[in-house]
Amino acid sequence: MAGRTDAAAEFRAFFECHYAELARLARLLTGDAEGADDLAADALVALWRRWDRVRAADHPAAYARGVVANLARSHIRSAIRERRRITLFWAQCSDHAEAPDVPAVVDVQQALRTLPFRKRACVVLRHAFDLSERETALALGISVGTVKSQTSKGMAQLERLLGPQATVLVPLRN
């Protein structure tokens, strides 16, 4: 038990000494100030899981920076994939509504932009394009359960933003 306590104390000291540096590195690598703290925290969780290996390394801080760099790379790749999905999704949306209610369209589109990609895509595919849960899941490469939960959460968020009477998304087709 004493060895575990020593390891925890060593890790705590490492955390206190290097957390800010790792968060700054994550911020500089990703350009995402908000996500940098999460990325540094994820890296430290990974380091804690392998703390015996990390503390035995010649340069534990360098090891930690490598973990942050790898997580940042994954974060950036995910963001790029998301942007590609968004681009492909909107490129396929060429339907135009006749005489749209422009203020309502603008309000709905602004509200939609506040949703994370997956929630937004689920809501739009389900309600504006009238796809089934299964078709939406296939289009996005996710499970039907994820479609259900993301659509429900996205609609709830839109209701909070727009009010319950404004959640009809037909104007999105223009």
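Predicted model: local features only at pLDDT ≥ 70, side-chain atom pairs only at ≥ 80, totals over all residues.
**Notebook: salt bridges**

I began with Asp-52, which pairs with Arg-55 in a salt bridge, closest N and O atoms 3.5 Å apart. My cut-off for the term: a side-chain nitrogen of Lys or Arg within 4 Å of a carboxyl oxygen of Asp or Glu. Numbering runs from 1 along each chain as its sequence is written, and side-chain values use heavy atoms, with hydrogens and water left out.

Back to the pair: Asp-52 and Arg-55 both sit in helix H3 (residues 51-56), 3 residues apart, about one turn of the helix. Helices here are DSSP runs (H or I, at least four residues), numbered from the N terminus. Asp-52 is exposed at 57% relative accessibility, while Arg-55 is partly exposed at 33%. I used buried for under 20% relative accessible area, exposed for over 50% and partly exposed in between (1.4 Å probe, protein chains only).

Next I looked up Arg-65, whose salt bridge with Glu-21 has its closest N and O atoms 2.5 Å apart. Arg-65 is in helix H4 (residues 60-91) and Glu-21 in helix H1 (residues 2-30), so this pair ties together parts 44 residues apart in sequence. Arg-65 is partly exposed at 33%, and Glu-21 is partly exposed at 22%.

Last, Glu-133 and Arg-126 meet in a salt bridge at 4.0 Å, N to O. Glu-133 is partly exposed at 28%, as is Arg-126 at 22%. My total for the structure is 4 salt bridges.

Conventions:
Helix = DSSP H or I, 4+ residues; strand = E, 2+ residues; numbered from the N terminus.
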